[in-house]
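I opened the model today and kept notes as I went. Here is what I looked up, entry by entry.

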Amino acid sequence: MNLLSIQHITIQRRGQEPQPQRYLADTNLFTCPFCTSQICKPRQYHQIVAHIAGHKIRATEYGDYVIYSCGQKAKHFHCCQCPQTYINKAAIKRHLCSFHPLPPAAPDPPPAPDPARESPSLPPAAPDPARETPSLPPAAPDPPRETPSLPPAAPDLARETPSLPPAAPDPARETPSLPPAAPDPARETPSLPPAAPDPARETPSLPPAAPDPARETPSLPPAAPDPPRETPSLPPAALDPACHPAAPPVIKRKQITVRFPHCGVSLNSKNLKKHIERKHQPIHLVSSTYHLPTQCVDKKNGIYVVAKSFRGPCIPIHVAKKIWASSHKVMCEMDMCNTCAEMTQRSELLVTSCVHLRSVDYSCAIAPHVELSEDVLTEMVEQKWFCNTRKNQCLTLQGQAKSKGATFTSLVTIGGPDYKHYISVYEPRVSYYSRLGRVLVNYNSKTSTWHCPCIKGRRSCLHKRIAKWCLFQMKRELFTTMPEAAAEIEPAEHDDLSGLQWEYPPKSDGLKQMVQYIYHNKKLPDTLSDVFIEDVKKEDIPQHLIPEEEFCSQCPGPVPLSAPVLITKNAKVATLTGVVTGISTYCKKCSNCGMFYRYQDWMHGLHNFNDKVLFSIFLCIFIRNSVQDHVAVGRVRSILQKTTHVPYPKETEFLHAYLHFEALTHHDYAFSCLKCGHHPPVVVMDLHKKGVFNMAVSDISEPTETFNGEVNSEEFWETLSRERIATGLLRIGDTNPYTLKPNYENWAPWIGRHTRRSPSVINTEWKKVQTTNTLDNIAEIDMTEERLSDELMKLKVADIRKLCKACGVGTEGSKTDLLSRLREEMQNRTAYDKIFQKVWGASGGWAAILCPCGIVYCVKFLLRAENPRDFTDMLFSWKHIPNICIYDFARGLATHSNLRRPEAMPFTPFEGRLAESTENNITAAESGTLTISLPWIKEKKMDEDDNCHPVTGSSEHYALSDKFHEANSKDKRDTLRKIQIVPELAGRVNTQAAEQLFAGMRKNNYFLNMMSPTTHMFLVRNILHMQNKEKNGSMLSKIQKDLGHPKTTINLQTDLFGRLVVDKENRAPEMTRLHLIKPSKACWGKPLTRSQRKLMAQVSSANADDEVALVGSIVIKQKDLITLTNLCEVEGNVLNSCLCVLQQIALSQNVDIYTVDSHAIVTWLPPICAHPMDHLPPEIMSKDAVVFPSWVPGHWMLCVSLL
């Protein structure tokens, strides 16, 4: 084949895949090798691959070559044999078939002569003994073979087209007899000459119309085709293509599979973009070309709205960046950004601004806003959008914004789709939803719904009304409708309990010994949810469950155990898909001490409850997750039973089996937050009044005289776990030796091991019934009718009516009328007790202490009504009392604590208030002008106080009120306990953490409140632990995502106080602070660090073709990196990677440089001697410098050209 001496780039050899070319002006972009940059502009890698896939679909194959479409000017094809070009694929095919036909392929060797087929002298009736189908004509070719070279003048009459003339071939057939001048363009070998018959396939000795009489059926006419053929009964005229046109061929889109060179994954070209985004997204630095959408909503105060993230829907958030005037403020309202900054500061790293604040530097857009007119507001009142009272509130807030010089409303245009409208509204009070003095209200015009972060659901608020006012004036077309209302070892058959007369399960001391062994030696790891991701199959369940112990663990020396003894052969295994029956369980006994051992292993994916009922581990995990979603265990059983139509164990047995699993799971119950640490400086305290258990107060005995209020918390909660374990070893009618009844002497809260000062905690709840305090102190700390009335206000109307009916009070009227009657009735002690029991339930509920992140640190189950004494007991059990305690009855907490320890009052100064209770301070606090700064909340004091908190360095302790209970107290001095007074707390601390916890736990009351006291306590602590674990895990993953990279994981650890910090010794390479890197020759001889030596060892042990590094979009292999050891030669990709890092370092220090591709620099040298300006972009003059590598004997140098 004589091809052109210089082939065009679109002519490639078969098997040679076209590859994208890197764009010289921007190494992150790629170009098509067949098109100019004007036809196909530089774009991302996955976009170019999709574009080249189109070239592959349009390509034409010719021999060993593939001709792709050319896009240099207009789309066309180049001939590989001559300089001709053609505009489409059909034209180039016709040209190749007509003028450059391929030589015919070598004919197949003729088959061995078959005497039965070639000899014409055989008798007609003699069948061919070598063939199984005697009805086939002898002249017919072998069926599996095709005969494309039959001459048109002598067609094979035994074929399917016996009646077609030579000049009219069937276009739908595979073997057309086209003349030489008009070959079929769709065939791969169009140049085969039609006049060259295949000598091995042709039968010239047979007459065209004479069939073989030996093969012919007598009843058929001689001209009829062979019956086994596809069209035996069609007449010759029926094969006329004019009568029966061929069906058009179905053209399916060819699936293009590409191989991504970075990771070697082969996938569809359509999925390449998503694969790069998910697995190979490079780190983008915030710059003028890559930043989050931003708009300014308040120029005077420097308030901006910024998109929350680069991906997903554009949800705006507020940030503040004011660096002018006397008061500077740089802050982001995202908790995760502030958490990362605090953790970076604790790790002694330089704190940088988050991506939201950095994006503000590249924004000059101002959100549209107008001065809202009062006439428009009046018109809205007339149209019944809201009443005059709401109108006055809107005007009042507008006046406050004008007096502060703030922008009242701004219409944000950067967030969400077209049907979502965001309005930034001024809010003078700083809260968790308005940390920067503004609120974002969202209106969805598609669903006609409003959303404001200050309130839940479809309830109205002032911000929504102001946002309606703004939209009504700026986009009235949205208001088109009127407003609406709001191991298997089978033992001998004779080894059973009945034959040996063993007492199993044991009683008394034997039961305790067995429970003790199971509790300490058969614990399940708490990571089973990661191991068992599917349920155990029926065929994988062993038929015989035998304990694995061979020797007694209690006796000294190797004392062998007895042979396995059958307990039952009718045990059941409950799984998520049904119940497996007919399982045999066995036990062993020590002949020396008499201790029993039973099957209690989890390696088979099973959990043994009582030797008769076993659960699969997967089912236990499923029940645990259901309980976390507020589904009772009994409901889970009912759902499984209705779904599988198989009877499961009884409800009580089902519940105790799950609790048995949780008691044996190795939960650490740490009760600590990864952000706040073991000793949080700020806590929120409250009582869950509705979480109660039934008990009789008269059954609680008085403590002994020697009881000092200290209880061993570890022993108490271990007893609860042993009670659950012993349940699986009891027979009907037996008494559980670990059952605990509510009492004062052995009733302890649970506090995390690192938070409490010792296992012994304080519980002085029995002193609630004593009245040794003075009348003034009782008024400060006891439950009064006034406080009980406040709690009644929280009840629903239906509950109040029931309470009125129980007290013999009229049930007619409004809620206010009912409360008035109850207040009068509370003068009677009997009615007071009834009301108290209704509000507080049977027991006193359970009290909790949380950090602002919502992590529970302490939980106490009360036997009597709530009192500040309960929270004081818990605080006195802590190793370090928090500096800020937020409680709805802060005055009572501070008074009681100081009375308990008058020699060293816990809440000082000012009795836990923020300032001295003078008239001026009280007046300023009521007007909102008083500000008390506590900077040690955010940054530890340099000069620590004596007996200080280890996190803050301060010894001050304050008892403050949360926002919802600030107005409960009628004592004016309590205005000095408002959180809003402290700027470090206002809007930053979630004071509703306890309320949010109780809102979720309230959904569990329907089954928790029906349990016994110990079961109630055990399950509540377990639920709280799982919630803490989930919140900490979510926080950890978010921090790693924000500080890390998709291909690497940042190394985090906890410091001495249990807070997350960066592991500076082993932290990942991406944590290198580029903005601190400076050129220095001193680092050339510095030895490698431990992490660097580890990385180099990994590289040296890898294979030559292994990918060891990824810098931007540049992939470096091991053989490339090893070239760094050469004296004068280095792989170009390695140099380009170094230059890419250099560019990032310069950009982090506000220097914009351009790094020249090292592959282009080689062309500047002889013999090519290319001009350097040909490889520089047009905007090169806007750069601060141009950097390229140069070799100097001994090492590489960086040449800098200052422009």
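**Entry 1: Proline 103**

I found proline 103 in the loop between α2 (89-99) and α3 (115-118). Helices here are DSSP runs of H or I with at least four residues, strands are E runs of at least two, and both are numbered from the N terminus. A note on provenance: this is a predicted model, where local features need pLDDT of at least 70, side-chain atom pairs count only at pLDDT 80 or more, and totals for chains, interfaces and linings use all residues. Residues are numbered from 1 along each chain as its sequence is written, and side-chain values use heavy atoms, with hydrogens and water left out.

Is proline 103 buried or exposed? I read 64% relative accessibility, so proline 103 counts as exposed. My cut-offs: buried is under 20% relative accessible area, exposed is over 50%, and partly exposed lies in between (1.4 Å probe, protein chains only). I also checked proline 103 against glycine 63: they are 40 residues apart in sequence and 9.9 Å apart in space, C-alpha to C-alpha.

**Entry 2: Two threonines**

I placed threonine 344 in helix α5 (residues 335-346). Its relative accessible area is 12%, so threonine 344 is buried. Which residues does threonine 344 touch, not counting residues up to four places away in sequence? I listed Leu349, Leu350 and Val351. Contact means heavy atoms within 4.5 Å.

Threonine 704 sits in the loop between β24 (682-688) and β25 (710-712). With a relative accessible area of 43%, threonine 704 is partly exposed. Glutamate 745 is 41 residues from threonine 704 in sequence, and their C-alpha atoms are 8.0 Å apart in space.

**Entry 3: Backbone checks**

I went through the peptide bonds. The one from tyrosine 504 to proline 505 is cis, with omega near 0°. Proline 505 lies in the loop between α10 (497-500) and α11 (508-521). Threonine 908 and proline 909 are also joined by a cis peptide bond, with omega about 0°. I located proline 909 in the loop between α23 and α24 (919-927).

Next came positive phi values in residues other than glycine. Alanine 325 has phi near 60°. It is in the loop between β12 (316-322) and β13 (329-332). Alanine 325 is exposed, at a relative accessible area of 55%. Phenylalanine 671 has phi near 50°, and its place is the loop between α15 and β24. At 2% relative accessibility, phenylalanine 671 counts as buried.

**Entry 4: Helix α23**

How many of the 11 residues of helix α23 (residues 890-900) are buried? I noted 9, so helix α23 is largely enclosed by the rest of the structure. The buried ones are Ala890, Arg891, Gly892, Leu893, Ala894, Thr895, His896, Ser897 and Asn898.

**Entry 5: Helix pairs**

Two packed helices are described by the angle between their axes and the distance between the axes. Axes are lines fitted to C-alpha atoms, for helices over the stretch in contact, and angles run from 0 to 180 degrees between N-to-C directions.

I took helix α15 (residues 651-664) and helix α16 (residues 713-727) first. They pack at an angle of about 130°, with their axes 8 Å apart. So α15 and α16 are oblique to each other. For the angle classes, under 35 degrees counts as roughly parallel, over 145 as roughly antiparallel, 65 to 115 as roughly perpendicular and the rest as oblique. From α15, the contact uses His656, Leu659, His660, Ala663 and Leu664, and from α16 Ser721, Arg724, Ile725 and Thr727. By class, I recorded 4 nonpolar, 4 polar and 1 charged residues in this contact of α15 with α16. Ala, Val, Leu, Ile, Met, Phe, Trp, Tyr, Cys and Pro count as nonpolar, Asp, Glu, Lys and Arg as charged, and the others, Gly among them, as polar.

Then I took helix α13 (residues 617-628) and helix α27 (residues 1013-1043). Their axes come within 10 Å and cross at roughly 85°. That makes α13 roughly perpendicular to α27. Arg624, Val627 and Gln628 in α13 meet Asn1022, Ile1023, Met1026 and Gln1027 in α27.

**Entry 6: Cysteines**

I counted 0 disulfides in the structure, a disulfide being a pair of cysteine sulfur atoms within 2.5 Å. Cysteine 552 counts as buried, at 7% relative accessibility. Cysteine 948 is buried too, with a relative accessible area of 18%.
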